[in-house]
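Visitor: Please put the model up. I have some questions about how its parts pack.

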Amino acid sequence: MFVIDYIKEVWRAVKSLATGMRRTLFYFTHHREIITQQYPENRDTLNLPERFKGEVVMPHDEKNEHRCTGCTACELACPNGTIKVITKFDISPEGKKKKAIDKLVYHLELCTMCNLCIEACPSDAIKMAQTFEHSVFDRNQLTKILNNPGSKIMEGVE
Amino acid sequence: MVEEIGTTSEGDLIINVGPQHPATHGVLHLVITLNGETIKKVEPHLGYIHRSIEKMCESLTYRQFIYVTSRMDYLSAHINNHGCALCVEKGLQVEIPARAQVIRVLMDELTRIASHELWWGAMAMDLGAFTPFFHAFRERETINDIMEETCGARLTMNYMVPGGVMQDLHPMFQKRVKDFLVLYKRKIHEYDELLTGNIIFQNRMKGVGMLDPADAISYGCTGPTARGSGVRCDVRKFAPYEVYDKLDFEEVTEQGCDSFARYMVRIREMQQSVRIIEQLIDNIPSGDFQAKTKAVLKLPKGEFYQQVETARGELGIYIVSEGGTTPYRIKFRSPGFSNLSVLDHIARGSKLGDLVAMMGTLDLVIPDIDR
C-alpha cells in the first residue's frame, strides 16, 4: 500500500506543477491578454483621469485674471503648511483700499495631494492639475508661485 | 542588551533578518536565535519607520488628521480613513446620507480585494514563486484605475471626510466596477491553478506556523490571522457599521490553524468582498454624497472609539477630546502590531526556512505596526 500511495503522491505533485505551467504557457502564447504598459514610451498617449491629483495650480483666463480673493482658507485647511498666501492692499480707482493676493506660494515638496485646499476654497480659485513628472534638478524649483506675474482678480469674485 | 551578531553563551547562533530584507516587506528587523536550523527565539525590533503619527494628529484638526492615517496601513488606506471619519462623526452626531454610506462600503471592499491581491502576490514571491505576483497585480491595477478615476489617487486617496465622501462617484464608476467583477471571475481560477494546488506551495504551508485559537485570542490577533484559527472576530459582523448589517455575506473562518488556513481565509474573503460589491453596485441610492457639516469641526468633551475591519484585522481609533478643534489624544489600535507579536510564539521550534511562510501569512505591513 505504501508504494501505491507514494506513486499517487508523485502523480498528484507532477499534475499540480503541470497545471501551473499550463497557465504560464497560456500567457506565453496569448499576447493579447497581456496588459503591461510601456511607460516612458507611451507618454504621448497617456491619459490621466481628470480627477487625478498631481499638483495644485491656479487657472487664469485669457485676460490674465484669476479668482483668488486671498481669504487664506486654503492655507488654514492645509495640514502641512504647503500653501502660503501673501496679501497686499490694492488701491481701487475710487481710492478705496482692497485686499488682494500678492503671491500664493506653493511648496510642491511638502504637498501630499490630500485635496483639502481645493475643498476649502470658497471661490474655486485653485484646482488639481494632472501633471505627475515632478522631478527637477534643483529643489528651489519645487517652490512655485501660483498666480501669474501681473495678474489680478476677476471681475465679480468676492 | 543582546549582542546582535554572534553566539550566545549556550552556543546558539544569533542572526539578523532585516531591516533591509526582501522578505520583510518594509523595515522590520528580526533578531533570531538559532540552534542549528531550529528557531529558538524571534525578537522583532521596531522603530525604523516610526513617524509618530499619533502625536502628529494632536496638532491637526479633525478634518486634517484623516489624511495621515492613509500612511499607516497604506494598503487599506480607504478603511483607515473610513474609521477616522466614523469616529469623528460619532462625536459630531451627524447623520450620513445613504449614498455616502454605500459608496464608503463599496470603496472599502474594493480596497480589501486590492490589499489581498497584493498580499497574495507578495507572499508567493517570498516563497519563490514569481509568476503569481504579476497575475495579482493585473487585477489590482484595475482596482487602482477605478480609485484613480473616482478619488484622484491610487494609494493614499483621502476620500472619506467627516460627513460623507469628498467627491461624488465618477459617472463611469459603476461600469468600471462591473467590468472588474467580470474580469475577476474570469481569472480567479488561475489563482488556484498557479498556487493553491501547487504541491511545493502546499507542503511549505500545511502544518507550518500553528496558532491555537486560545493563543490567537490571548495575543490579540484579529482579521484573517485569527480567523484562520477558527476565531470569529469580523468587526463587520459583530459590530456592524454603515450598511454591513443589511448585507448578505459570510464570515470566513478556517479550522486548520496553520499557514495554509490563513491563506485560504484571505482567498475566500476576496470572494465574499466580490459578493458584497455585487449586492451594492446596482443599488447605490441617489442623494447627497456628503452631509452638511460646519467649516470648523469641534468635538464635544469626551472619549470616542470606533473599530473597523481593515484587510489585516481590527483597527481601533480612540479619540480623547477636550472640546477644541484638535484632538487631545489619539490612539490607533493597529491590527498589524498584535499580529506581529504572535510571530515569536508560532515560530519557536520550527525551521528557519518556514519563517518566511509564517511572516507571509500574517500579512505584515510595517508602517501600520510602527506608525
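Visitor: Is the crossing of α6(B) and α11(B) left-handed or right-handed?

Guide: This is a predicted model. Helix α6 (residues 173-196) of chain B packs on helix α11 (residues 259-281) of chain B, with axes 11 Å apart. Their crossing is left-handed.

Visitor: Are α6(B) and α11(B) roughly parallel or roughly antiparallel to each other?

Guide: The two helices, α6(B) and α11(B), pack at an angle of about 160°. Angles over 145 degrees count as roughly antiparallel. The pair α6(B) and α11(B) is therefore roughly antiparallel.

Visitor: How do the residues of the contact of α6(B) with α11(B) divide?

Guide: On α6(B), the contact includes V177(B), L181(B) and Y184(B). On α11(B), I267(B), V274(B) and E278(B) are among the residues involved. The division is eight nonpolar, two polar and two charged.

Visitor: Which element gives the largest share of the side of chain A that touches chain B?

Guide: The contact takes 21 residues from chain A and 21 residues from chain B. On the chain A side, α1 (2-29) and α3 (116-120) each give two or more residues. That side divides into ten nonpolar, six polar and five charged residues. The largest share, eight residues, comes from α1(A).

Key:
Residues are numbered from 1 along each chain as its sequence is written. Chains are lettered from A and ligands numbered from 1 in the order in which they are written. This is a predicted model: local features need pLDDT of at least 70, side-chain atom pairs count only at pLDDT 80 or more; totals for chains, interfaces and linings use all residues. Two residues are in contact if their C-beta atoms, placed from the backbone, lie within 7 Å. Helices (H or I, at least four residues) and strands (E, at least two) are DSSP runs, numbered from the N terminus. Ala, Val, Leu, Ile, Met, Phe, Trp, Tyr, Cys and Pro count as nonpolar, Asp, Glu, Lys and Arg as charged, and the others, Gly among them, as polar. Axes are lines fitted to C-alpha atoms, for helices over the stretch in contact, and angles run from 0 to 180 degrees between N-to-C directions. Angles under 35 degrees count as roughly parallel, over 145 as roughly antiparallel, 65 to 115 as roughly perpendicular and the rest as oblique. A crossing is left-handed if the near helix is turned anticlockwise from the far one by less than a right angle, and right-handed if clockwise.
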